[in-house]
Amino acid sequence: MTDVPPARELRREVRDWRRGRAELRWGEVVSDAYVAAFCVVMVAAMGGNVVLSLRRLADDACVAQCGEVRAAAPWLAAVAVALLALGLARLLGPVFSPPAANAWLLSTPVDRGALLRPGWWRTAGLTLAGSALLLVAPALLGGLSPGGTAAFVLAGAAAALACVGVAALSQVREDRVARWLTWALLAALWSALGLSATQGAGALPTVPAWAALGVAALAVPAAAVLVWRAGRAVGVVTRRVLGQTENLSPALSGALSSIDLGLMYDVLLARRWGRGARVTPRTGGPLGWWALVHRDVLRAARTPQPVVLLAGLVLVPYAAAEAGAGRAVVLVTTLVGLLGGPALCTGLRVVVRTGSLARMLPLRRRSLLLAHLVVPGMALVLFAVATTWTLLPEHPPAEAVTVALACGASALAATTRWITGKPPDYAAPLVSTPAGGVPTGVLGSVSRGFDVWALTALPIVFGPAGTLVSVAISVGVIGYLVSDGAG
């Protein structure tokens with residue numbers, strides 16, 4: 001009988017094995033770190049300058065109507081950051097082990113908690129630091145004092161960390177607390193957006209400074225307790241639970257390393273439908289390409305979350321209008337449509353990326369793609385029409401409806417461009433970058449979708465003639481993307 005080695009010794013052996021096979025030298029690492037630090041400092045300085053300029057403009061031009069929305073912006077950002085942290089934690093799994101460690105180490109009688117706990121502490125630290133960085137700009141734009149800014153950032157980061165702690169406990173215990181907390185935060189964010197969009201934020205009572213400091217003082221101990229409890233609970237997590245996320249992070253890392261956002265979407269799409277692989281089959285329905293539309297309708301009824309999310313995002317243009325965005329509301333509407341549209345295009349994404357499946361269907365490429373665009377197109381057009389009232393101060397009623405329809409067409413064209421994009425061509429010539437040689441197609445994949453959004457949304461700002469130009473570009477882009485030559 002041999003003694004079981006401690007987890008610290010195993011981690012040291014793994015670290016030595018990785019360092020012994022490292023291909024980069026310390027000089028190259030320091031050089032890359034210098035370039036990365038320089039880029040971060042430069043971008044942070046530019047972002048800080050923009051934030052300070054926007055705050056000066058807001059101080060000079062903001063009236064009582066947009067002052068309410070400006071005062072609510074930090075709280076909206078705090079709830080959004082907490083929701084983002086919780087969503088990412090539920091998606092990736094805050095308690096994580098690499099596939100090799102899950103296969104070789106966790107099957108041994110080594111203390112599992114000692115193996116997983118350092119990774120959990122790193123996750124908690126990254127959550128705290130990332131949330132604090134995201135909350136600095138909303139606090140400055142909200143006009144908070146230096147002391148209020150520090151308390152707000154600390155309380156918001158602690159709230160995000162507490163949400164990640166709840167997600168970790170839910171992952172270990174396999175309960176649904178994190179799911180209900182996600183919906184509760186989403187409802188809170190939607191309610192806050194609704195109050196900002198309907199001028200109801202000013203009717204709320206003002207929170208005293210001592211109450212805000214009390215909430216901040218309670219949030220930090222609560223987050224610390226949840227993180228500590230999650231750290232203690234990781235020792236009893238099962239390999240089956242860890243196996244649910246062991247292949248997700250490597251796949252996402254590969255997609256992000258190649259800057260292929262479409263591949264990342266495919267990975268998340270496979271995980272989403274893999275969770276509920278058992279469905280009740282339904283027979284019958286129309287024939288021809290209407291059968292594909294019918295299946296998209298059934299899919300939307302089976303998982304209505306993307307439709308509900310798009311419907312909830314209607315409040316974002318209204319909040320922007322209340323904040324005094326003016327004609328720029330159309331940019332907000334089309335951008336929100338682009339961000340919420342890809343989740344509706346599951347069927348379109350499958351037939352675009354799976355050529356063998358598309359060839360099995362007795363339809364041409366144009367008919368196949370247009371059939372899968374019916375349901376997302378109707379949803380995006382209805383979303384844009386629902387924002388018509390935000391355009392009435394700048395446009396007559398009939399023109400406002402036309403502009404709203406143009407916004408829906410712009411969002412649909414940008415979404416189609418994003419979904420139907422081809423994977424990067426790694427046989428193309430390489431471009432020299434600080435990170436090494438990168439294919440030219442990879443650099444263009446980052447702006448895919450947003451290029452069409454800029455071409456179709458910006459002309460709408462310039463009046464009726466620009467609206468016609470935008471509609472013509474949107475129709476032309478969709479017609480080209482669904483054609484046989486684009487495949």
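Which residues gather in a patch of positive charge on the surface? They are Arg8, Arg12, Arg15 and Arg122. This is a predicted model, in which local features need pLDDT of at least 70 and side-chain atom pairs count only at pLDDT 80 or more, while totals for chains, interfaces and linings use all residues. Residues are numbered from 1 along each chain as its sequence is written, and side-chain values use heavy atoms, with hydrogens and water left out.

**Surface patches**

- Patches are made of residues with over 30% relative accessible area and no salt bridge, with like charges joined within 9 Å and nonpolar side chains (Val, Leu, Ile, Met, Phe, Trp, Tyr) joined within 5 Å.
- Accessible areas come from the Shrake-Rupley method with a 1.4 Å probe, and for residues only the protein chains shown count as cover.
- For charge, Lys and Arg count as positive and Asp and Glu as negative, while His and the chain ends are not counted; the place of a charge is taken as NZ of Lys, CZ of Arg, CG of Asp or CD of Glu.
- Helix α1 (residues 7–20) gives the most to the positive patch, with 3 residues. Helices (H or I, at least four residues) and strands (E, at least two) are DSSP runs, numbered from the N terminus.
- Arg8 is placed in helix α1 and counts as exposed because its relative accessibility is 63%. The cut-offs are under 20% relative accessible area for buried, over 50% for exposed, and in between for partly exposed (1.4 Å probe, protein chains only).
- A nonpolar patch on the surface is formed by Tyr34, Phe38 and Met42, which together have about 350 Å² of accessible area.
- Tyr34 belongs to helix α2 (residues 26–61); its relative accessibility is 58%, so Tyr34 counts as exposed.

**Nonpolar cores**

- A nonpolar core is a set of buried Ala, Val, Leu, Ile, Met, Phe, Trp, Tyr and Cys residues joined through side-chain atoms within 4.5 Å.
- The largest nonpolar core has 44 residues, of which Val95, Leu135 and Val237 touch the most other members.
- Two or more residues of this core come from each of α3 (64–92), α5 (112–141), α6 (146–173), α7 (177–197), α8 (209–233), α9 (239–243) and α14 (315–322).
- Helix α6 supplies the largest share of this core, 13 residues.
- A second, separate core holds 35 residues, among them Ala379, Phe383, Leu412 and Ala413.
- As general background, nonpolar side chains tend to be buried together in soluble globular proteins.

**Salt bridges**

- A salt bridge requires a side-chain nitrogen of Lys or Arg within 4 Å of a carboxyl oxygen of Asp or Glu. A search of the whole structure finds 2 salt bridges.
- One joins the side chains of Asp296 and Arg299, at 2.5 Å from N to O. Both residues lie in helix α12 (residues 290–302), 3 residues apart, about one turn of the helix.
- Asp296 is buried because its relative accessible area is 6%, whereas Arg299 has 22% relative accessibility and so counts as partly exposed.
- Arg417 forms a salt bridge with Asp451, and the closest N and O atoms are 3.5 Å apart. This pair links distant parts of the chain, with Arg417 in helix α19 (residues 397–419) and Asp451 in helix α21 (residues 450–457), 34 residues apart.
- Arg417 is partly exposed, with a relative accessible area of 25%; Asp451 also counts as partly exposed, at 28% relative accessibility.

**Contacts across the sequence**

- Ala230, in helix α8, is buried, with a relative accessible area of 0%. Ala230 and Ala168 are 62 residues apart in sequence, and their C-alpha atoms are 6.1 Å apart in space.
- Ala158 lies in helix α6 and counts as buried at 5% relative accessibility. From Ala158 to Ala222 the separation is 64 residues in sequence and 8.1 Å in space, C-alpha to C-alpha.
- Glu394 sits in the loop between α18 (365–385) and α19, and counts as partly exposed at 36% relative accessibility.
- Val329 is in helix α15 (residues 329–340) and is buried, with a relative accessible area of 1%. Val329 and Thr387 are 58 residues apart along the chain, and their C-alpha atoms are separated by 9.3 Å.
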